[in-house]
Amino acid sequence: MFEGISVLPQYGLTRADERLLRRHACEIVEQVPGPVAVAELGSGSGKKTRWLLKALCRRQHVSYFPIEISATALAMCERELGDIDFMSIVGFEREYLDGLVEVAARRREGQNLLVLFLGSTIGNFDRPAAAKFLREVRHILQPGDSLLLGTDLEKPMPHLLAAYDDPLGVTSAFNLNLLARINRELDADFVLEQFEHVARFNPEARSVEMHLRSRQAQNVTIPRAGLTVTFLAGETIWTESSHKYCPEEMSRIAREAGFYCKAQWIDQEWPFAENLFVAE
């Protein structure tokens with residue numbers, strides 16, 4: 001996946017995620033026994049994580065380990081959160097699981113881990129892959145460690161499609177930016193005006209699919225990948241999916257991965273959940 005590409009429904013999901021963390025940070029922290037170190041998978045700038053970290057720092061010194069594949073994102077995160085008292089930051093420029101293994105190896109005796117996987121990033125995995133990923137996270141953790149998992153919840157299909165194909169064209173611009181990055185980084189010759197953004201709901205998968213549809217028959221060359229791709233008119237590039245969940249299934253998902261769901265907080269303005277899983 002290309003760094004910097006986002007397909008989230010920008011007016012809903014991110015605001016819901018931050019709203020929950022802002023409103024319930026103290027409650028979430030109360031559910032996590034200390035002392036605790038915090039590892040965040042895909043921290044981004046760390047802006048919304050601030051609420052949790054500040055709540056934790058009121059009771060203890062916090063070691064915070066953001067894990068990102070982007071050095072730029074890690075630098076932004078350190079700038080964003082570096083002013084919080086009683087906290088140290090050590091970033092890992094790694095894939096999620098590789099970084100988590102390194103963080104787990106640093107734990108002190110008697111210290112629990114709180115892993116953050118926010119923003120419904122889990123929704124970009126199909127369901128079997130999501131289950132596998134959660135089992136792999138659990139394998140790294142010890143009993144009593146916690147995972148705070150963000151999940152975007154099911155909504156009426158018109159609401160979902162309106163979010164992923166908004167009238168201002170913000171999500172469309174994010175999606176088309178994928179082609180711009182391939183042009184820039186792989187010397188491809190995509191003509192962006194010859195593709196259009198399409199959002200589709202897949203009821204069987206319970207997901208919103210993001211596509212880029214070719215407006216005409218065309219050939220595209222990607223020299224640094226050694227590829228020439230032929231597109232038919234109307235053919236699409238399936239760029240990403242965003243899977244949706246219902247609140248009731250989180251206990252089952254936790255149990256199948258080796259956790260139990262200790263608590264759940266739900267935003268009603270844009271149905272979204274923060275789920276606290278505890279490793280058994």
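Helix 5, residues 127–140, packs against helix 8, residues 250–257, at about 55°, with the axes 8 Å apart. This is a predicted model: local features need pLDDT of at least 70, side-chain atom pairs count only at pLDDT 80 or more, and totals for chains, interfaces and linings use all residues. Residues are numbered from 1 along each chain as its sequence is written, and side-chain values use heavy atoms, leaving out hydrogens and water.

Some terms. Helices are DSSP runs of H or I, at least four residues, and strands are runs of E, at least two, numbered from the N terminus. Axes are lines fitted to C-alpha atoms, for helices over the stretch in contact, with angles from 0 to 180 degrees between N-to-C directions.

So helix 5 and helix 8 are oblique to each other. Under 35 degrees is roughly parallel, over 145 roughly antiparallel, 65 to 115 roughly perpendicular, the rest oblique.

Who meets whom? Leu134, Arg135 and Arg138 in helix 5 meet Ile253, Glu256 and Ala257 in helix 8. Contact means heavy atoms within 4.5 Å.

Now Ser63. Its place is in strand 2, residues 62–68. Is Ser63 buried or exposed? Ser63 is buried, at 12% relative accessible area. Buried is under 20%, exposed over 50%, partly exposed in between, with a 1.4 Å probe and protein chains only. Ser63 touches Ala37, Val38, Ser88 and Arg108, not counting residues up to four places away in sequence.

Last, Leu53. Leu53 touches Val38, Val62, Tyr64, Leu81, Ile84 and Met87, again not counting residues up to four places away in sequence.
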